[in-house]
Amino acid sequence: MTDLEPVAPAQPVMPAWEYAAAPESKDIVRLQDRYGLFIGGEFVEPKSGRWFPTIDPSNETVLAEVAEAGEEDVDVAVTAARSAYVTAWRDLPGSERAKYLYRIARALQERAREFAVLESMNGGKPIKESRDVDLPLAAAHFFYYAGWADKLEYAFPAMKPTPLGVAGQVIPWNFPLLMAAWKLAPALASGNTAVLKPAETTPLTALLLGEVIQQAELPPGVVNILTGAGATGASLVGHPDVDKVAFTGSTEVGKQIRRAVAGTSKHLTLELGGKAANIVFEDAPIDQAVEGVVNGIFFNQGHVCCAGSRLLVQEPAFEQLLDKLKVRLGTLRVGDPLDKNTDVGAINSRAQLEKIGELVASGVEEGAVIYQPPCDLPERGFWFAPTLFTGVSQSHRIAREEIFGPVLSILTFRTPEEAVEKANNTPYGLSAGIWTEKGSRILWMARRMRAGVVWANTFNRFDPTSPFGGYKESGFGREGGRHGLEPYVRLEPVS
Ligand code: NAI
Ligand code: MG
């Protein structure tokens, strides 16, 4: 025995490193008090005489008033689109149409910061996402389809494509500009004209796109943008002179639209909800999987149709994965969408916040175990803390219904067969994720997933060259890639 006690290794004193506020400036955005409808290349007053406010969901301040298009306005816009189709667009050589699309793409790049800030102000998503995901992808979509405009005759072997006419396009609020790009780029590239209706909570970047369309000098009426809510969307879908309807949004409204066009000659594509399984096997690279799971459900506050909202973990990996997920959740910064360090922004609307709250309450009531990291939510605006549920059974509402918020339901499985069974046990089928070290298992699983997109050892990857779309109640039709042209053309065998 020596009387010298072993010296305990010095514990480094770690101060709590907080990020200083790093807000992106709003100066680049010039808001107008009021925005009219974009019809025939001009911003015009609505014949309905109605206007509604649009807010910043992070603080509930009113940003501007926008026009609410009534039935008469819809008719004027569809007429403008028809006239542009016949006189200016349908017969334009593809190489000429391409020039306009390239101009739009370049203008989006040049004005990317303005668009990104406005997107975050009007929709609540973190600036790092609107800046690094929404804007680059929107521009990339226009670039990609510009490339197809003069090559359509090679897109479908032995088939001759011709445009359909006027496309009526209704889009949601989770990726407002990006969904406008997904809809407009393939429609215009293949020779159609369009009437686009953005969602009622996020009209501002679509209206700014109207400015870009003026800047690109598109023939008036090729693109028309009508703001308004569900009634405006319904009149557009129901207009007799619309040839093609494209919708992204809830499954409920998708079903209404399908009924509305039944018995007409209108072409239809629907991109609806999802309840994707993100499946982690015990041999998965666990830290990488944690990042993928977090990205899968907390990206864009979980307002993502293909969000990995059901985590299926192989039993031996469950404890470790859960511990790591909890630690990682504690590091997510929730708050000001315009702060460059923000990971999780504001919930898009009060209605969506209430829906998330109701489903989370059902999870607790039905016996699942809730976990939320300590986090200070701003007082004004719409916020929801990142949330995990364990002890979830397949019959729980939180395992079956689309929550469309930052809420992850965790289930476990033992064998690959059980994982397949559970993953496909849903009315939806938009996407799936598989995390494993084994390539053969990825292929085995991917073949069995009834989902339009299957990601392997990654999640939420998007590329304009890659088709995206659903099975079952997630809808039908593909967007992106060569497949994305198909819904906008009539194909006849080359004689
Ligand atoms: P929604 O489906 O009502 O809205 C999407 C778009 O459709 C908006 O532009 C809206 O004005 C329009 N619309 C509404 N009713 C219409 C009708 N009868 N005819 C034509 N257009 C119509 O979605 P909402 O109410 O904003 O969200 C409800 C739920 O839907 C969300 O909680 C989420 O679960 C899901 N959703 C899914 C999306 C997805 O991308 N899969 C996108 C938005 C919502
Ligand atoms: Mg709705």
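Reader: Which residue stands opposite T390 in strand 15?

Author: V369 stands opposite T390 of strand 15. Keep in mind that this is a predicted model.

Reader: What holds strands together in a sheet?

Author: Backbone hydrogen bonds pair them, either parallel or antiparallel. Here, strand 14 and strand 15 (residues 387-390) run antiparallel, joined by three bridges.

Reader: What is the strand order of the open sheet?

Author: Read it as 14-15-16-13-12-17-18. That is seven strands, with mixed pairing.

Reader: Which strands are the edge strands?

Author: An edge strand pairs on one side only. From one strand to the next, the twist averages 20°.

Reader: Which helix packs on the sheet?

Author: Helix 11 (residues 318-330) does. Helix 11 touches strand 12 (277-280), strand 13 (310-314), strand 14, strand 15 and strand 16 (407-413). Its direction makes about 160° with that of strand 15.

Reader: Now the helices. At what angle do helix 6 and helix 7 pack?

Author: Helix 6 (residues 176-189) and helix 7 (residues 204-215) pack at about 50°, and their axes are 8 Å apart.

Reader: Is the crossing left-handed or right-handed?

Author: Helix 6 passes helix 7 in a right-handed crossing.

Reader: Which residues make the contact?

Author: Helix 6 supplies P176, L177 and A180. Helix 7 supplies T205, A206 and L209. Five of the contact residues are nonpolar, one is polar and none is charged.

How values were computed: Residues numbered from 1 in each chain as written. Chains lettered and ligands numbered in written order. Predicted model: local features only at pLDDT ≥ 70, side-chain atom pairs only at ≥ 80, totals over all residues. Axes fitted to C-alpha atoms, helices over the stretch in contact; angles between N-to-C directions. Helix = DSSP H or I, 4+ residues; strand = E, 2+ residues; numbered from the N terminus. Left-handed = near helix turned anticlockwise from the far one by under 90°. Contact = placed C-beta atoms within 7 Å. Nonpolar A, V, L, I, M, F, W, Y, C, P; charged D, E, K, R; others polar. Pairing = 2+ DSSP bridges.
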